[in-house]
Amino acid sequence: MRDTGWYLRRAVPWSPVLGAVGLVVALIAAAHRWEEVEGLALTLAALVTVAAAALVYDDAAVAVTAVTPRARWAQWARLAAGVAVLALGGAVLLTGAGHTDRSDWALAVAALGGATLLVALVGRQRQVPRPGTPVASGVVLLGLAPLVVGLFLELGSPYPAPGLTDAAATRWGVVAAVVWIALAVRLDGRWLGGSPGLGRGLGRGLGRGLGLGRLRGVR
Amino acid sequence: MYSTLPARSSASLTSMVAIEARRFARHPLFLLGVVIALALEAWVFFADGVTVSEDTTHAIDMLSHPIIPAFFIGLTSLVVAARLTRSTEVSAEAMGTAPGTEAQRTLAVAGACLVPFVAGVAWLAELFILLQIRGVHPYELWFGTMNDLHVWSILVALGPVACLGGAVLGVLVGRWLRFPGAPAVAVVVVAIGTMVGSLPYSYTDQGHLRVWVPWAMWHTGTMSDGEAWEGVPGYAQAVLTGNPATYLLYALALCALAVAGAVWHDRTARTARLRLVCWGLVALVVALYLTTAFTGIEEMIVSRPIPPLEG
């Protein structure tokens, strides 16, 4: 346990991660102060929380650490750090002062957070030194896109506004279940009967699709 | 594998711009943003019209559409430009080999930001092609119902120039902010800053002061639910106060200031001339902001109602 704490203190870039949580606090304050921007501010707060979690898999020396005996253990520890970041940002989002009930955001953050951690983990397992930065940018841009589309087309927001419809809650729930199971499978290759397995193949496909290989070495 | 010039002082800026422009134009995120912007414009154009008779549907809210390229091309370009700016520095920090000086490399990426500007112009061209298929409603706030120069200015400032602005802001971010996730934070700050900095008072007597933000809202969109809102009657639309023509110049001046600020990061480039350019641009930005806020459209322009066909 002491080793894990020692490792996480040094391995995770806590300054930008906690800075992002500070940004979540500022966004919640903006949502409380200006009701006109509450929808945008809450969405951004959720996306920043999720983006911050992606940074836990950043590892400048991944080419070395990936082949050390502690690699799998260290990835579980990083996942725990990611969950802690999601919990911290989510707590700020759910409990901060505001005009509307925000309880449904917990499901959206769980699903988006799981998906983001999965993509960042895939990037790290493909030995991308800092997958968090491109993943963070991607999640913010992708997450904001429905708000822009929704200005013109009545497609229904995927986000709580302020609550989720039953159908939307089901969709988020399914996504959350799938991505968290995928994360566990991806982290523990034994479930796949050795390497390379289904999880690794899926991961390679995801990584290629997001262009993570091309971004290798770029901050 | 990206191509780069060898570490030679003779590497010309033009060649560097050409290389960076190719890298920009081939970046998957940028290409994705352009494709989505062009496809979404076509989808919105045909899905969002107002049907006035059984066989006639008109396009509406054209001056609201520039948010599509501004978001999908401008903000993706911010991320791409920040990554391109940082990418050559990784090799420079590791091995001390990178083409030209830091200021030259900054100017090269800034020059490549013409690529998203051209993509924004392509979006504008698509808009006018689509308008040949389906014309605007006669009451739409557009050419003929308001000042032509103002229409052009709103379209260009909020469309192609916003694409350029997002990209040069990315260069500034890439040069000055080195923490992980900096481009994502920049996108968040731009999005919330633009809204918080203008929306709460856009419809008040101080609405003309909102134009300090880099992407100011000018068009309200049609009140398609038939309910009046903030002084705009049901089924009508409005253009807010301020001077759109000088706002276009203001947005371009902000772009130039961002480039100067990015070049300023190179200590060896901080000459008296650059300092003069920076202060000159700051003065120009302030002057253009004040001109935009206190001239031009003095009262909100409200259209005649554009009701849809009943039933």
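Two strands pair if DSSP finds at least two bridges between them. In this predicted model, β1 (residues 50–53) and β2 (residues 56–58) of chain B pair in the antiparallel sense over three bridges. β1(B) and β2(B) form a hairpin, with two residues between them. One bridge joins Ser53(B) to Thr56(B), its partner in β2(B).

**Confidence**

The model as a whole scores ipTM 0.90 and pTM 0.89. Chain A has an average pLDDT of 83, and 83% of its residues score at least 70. For chain B the mean pLDDT is 92, with 93% of residues at 70 or more.

Each chain has a stretch to read with care. In chain A, pLDDT stays under 50 over residues 191–219. The model has 47 contacts beyond four places in sequence for that stretch. In chain B, pLDDT stays under 50 over residues 1–7. Here the model has 14 contacts beyond four places in sequence.

**Chain A**

Chain A holds nine helices and zero strands. Its pattern along the sequence is α-α-α-α-α-α-α-α-α. The chain has 219 residues, of which 43% count as buried. Take the contacts in chain A between residues at least 6 apart in sequence: 77% of them join residues at least 24 apart.

**The contact between the chains**

Chain A gives 34 residues to the contact, and chain B gives 29 residues. On the chain B side, the elements that supply two or more residues are α2 (28–47), α3 (67–95) and α8 (182–196). The largest share of that side comes from α3(B), with ten residues. By residue class, the chain B side divides into 23 nonpolar, three polar and three charged.

**The nonpolar core**

The largest nonpolar core has 147 residues. Residues of both chains are among those with the most contacts inside it: Leu27(A), Val48(A) and Ala51(A), together with Val168(B), Val171(B) and Val187(B). In soluble globular proteins, nonpolar side chains tend to be buried together.

**Helix α10 of chain B**

Helix α10(B) runs over residues 272–294 and has 23 residues. From first C-alpha to last, the helix reaches 33 Å, close to the 33 Å expected at 1.5 Å a residue. The buried residues of α10(B) are Leu288(B), Thr292(B) and Ala293(B). They pack against α9 (244–263) of chain B. An α-helix has 3.6 residues a turn, so residues three or four places apart point the same way. Just after α10(B), Gly296(B) takes a positive phi of about 85 degrees.

Which residues does Leu288(B) touch, not counting those up to four places away in sequence? They are Thr246(B), Leu249(B), Tyr250(B) and Ala253(B). Leu288(B) lies in α10(B). Why does Leu288(B) count as buried? Leu288(B) has 21 C-beta neighbours inside 10 Å, and a residue is buried if 20 or more other C-beta atoms lie within 10 Å of its own. Leu288(B) and Ile60(B) are 228 residues apart in sequence, and their C-alpha atoms are 30 Å apart in space.

**Positive phi in chain B loops**

Asp61(B) has a positive phi although the residue is other than glycine. Asp61(B) sits in the loop between β2 and α3 of chain B. Tyr235(B) also has a positive phi and is not a glycine. Its loop lies between α8 and β3 (238–239) of chain B. Asp61(B) is buried because 24 other C-beta atoms lie within 10 Å. Tyr235(B) is buried because 20 other C-beta atoms lie within 10 Å. The table sets out the values.

| Residue and phi | Other C-beta atoms within 10 Å |
|---|---|
| Asp61(B), phi near 60 degrees | Asp61(B), 24 atoms within 10 Å |
| Tyr235(B), phi about 65 degrees | Tyr235(B), 20 atoms within 10 Å |

Technical notes:
Residues numbered from 1 in each chain as written. Chains lettered and ligands numbered in written order. Predicted model: local features only at pLDDT ≥ 70, side-chain atom pairs only at ≥ 80, totals over all residues. Contact = placed C-beta atoms within 7 Å. Helix = DSSP H or I, 4+ residues; strand = E, 2+ residues; numbered from the N terminus. Nonpolar A, V, L, I, M, F, W, Y, C, P; charged D, E, K, R; others polar. Buried ≥ 20, exposed ≤ 12 C-beta atoms within 10 Å, placed from the backbone. pLDDT = per-residue confidence, 0-100. Core = buried A, V, L, I, M, F, W, Y, C linked by C-beta atoms within 7 Å. Expected span 1.5 Å × (residues − 1).
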